[in-house]
Amino acid sequence: MKYLIYAVEDDESIRELYKYTFKNVDYDIETFENAESMLDMLDTRIPNVILMDVMLPGIDGITAVERIRANESYDEVSIIVISAKGDELNKVKGLDAGADDYLAKPFGVLELVARVKANIRRSKSAKADKNVISYDEVTVNVDEHTASVRGKNLALTLKEFNLLKLLVENVGKVVTRETILADVWGYEYFGETRTLDMHIKSLRGKIAELSDVQYIHTVRGVGYKFNKE
């Protein structure tokens, strides 16, 4: 069975680029010039990955991501926000809305394909694992793909979930940035490591809403450590 990609983009030339690129790697691809038509299609067929432009006619990309994440039926769909707005604020907006990754225009097709493959691989890996990991107030249920703090659910993106899982699995140990990028984003990820920093920031913020304990600690120049000290 082929992987299915949905791409939402109002620029026809980029839509054609998507079609050419993913057909060449033997993926099914459906393109849409607005978010409304893509959201309607979700009721018929759920893709593995959605490529979402931000600046769109009608519903903007960020709002569309929020609507998708509000429906649990689409929890296993990876969303990559793609936008000419590559500054940190807009990246954070996309991630906070529920995107798993962010790619700034202009982008290379090799990096685009690598990001899509990495997201699919992480999604498959998350589904395959079957266990519950706990530390102090934090619980990660890999089977159900949920995480909680003090018994309250954490609303995490796929990347945030996999990042938290990796850190909790290595409580008290320093997990290097290279290890995190390889495990969470995949060895084919060759984007900027700033993406990791933004995911750490977002994950810290969500945990802080439910607990006074600072669990994620930065080890400068090396990586991150998860414990309560």
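**Exercise 1. Classify M198 as buried or exposed, and locate M198 in the predicted model.**

Solution. Step 1: The relative accessibility of M198 is 4%. Step 2: A residue is called buried when its relative accessible area is under 20%. Step 3: M198 therefore counts as buried. Step 4: As to its place in the chain, M198 belongs to helix α8, which covers residues 194-208. Step 5: M198 and D40 are 158 residues apart along the chain, and their C-alpha atoms are separated by 31 Å.

**Exercise 2. Describe the patch of negative charge to which D10 belongs, and classify D10 by its accessibility.**

Solution. Step 1: The surface patch of negative charge is formed by D10, D11, E12 and E33. Step 2: D10 is found in the loop that connects β1 (4-8) with α1 (12-24). Step 3: The relative accessibility of D10 is 38%. Step 4: Partly exposed residues lie between the limit for buried, under 20%, and the limit for exposed, over 50%. Step 5: D10 therefore counts as partly exposed.

**Exercise 3. Identify the residues that form a nonpolar patch with L110, and classify L110 by its accessibility.**

Solution. Step 1: L110 forms a nonpolar surface patch with L17 and V109. Step 2: Together, these three residues have about 260 Å² of accessible area. Step 3: L110 lies in helix α5, residues 109-128. Step 4: With a relative accessibility of 67%, L110 counts as exposed, because the cut-off for this class is over 50%.

**Exercise 4. State where K228 lies and to which accessibility class K228 belongs.**

Solution. Step 1: K228 is located in the segment that follows β12 (223-226). Step 2: Its relative accessible area is 45%, so K228 is partly exposed. Step 3: Between the C-alpha atoms of K228 and E72 the separation is 31 Å, and these residues are 156 residues apart along the chain.

Methods:
Residues are numbered from 1 along each chain as its sequence is written. This is a predicted model: local features need pLDDT of at least 70, side-chain atom pairs count only at pLDDT 80 or more; totals for chains, interfaces and linings use all residues. Side-chain values use heavy atoms; hydrogens and water are left out. Patches are made of residues with over 30% relative accessible area and no salt bridge: like charges are joined within 9 Å, nonpolar side chains (Val, Leu, Ile, Met, Phe, Trp, Tyr) within 5 Å. Accessible areas come from the Shrake-Rupley method with a 1.4 Å probe; for residues, only the protein chains shown count as cover. A salt bridge is a side-chain nitrogen of Lys or Arg within 4 Å of a carboxyl oxygen of Asp or Glu. Lys and Arg count as positive and Asp and Glu as negative; His and the chain ends are not counted. The place of a charge is taken as NZ of Lys, CZ of Arg, CG of Asp or CD of Glu. Helices (H or I, at least four residues) and strands (E, at least two) are DSSP runs, numbered from the N terminus. Buried means under 20% relative accessible area, exposed over 50%, partly exposed in between (1.4 Å probe, protein chains only).
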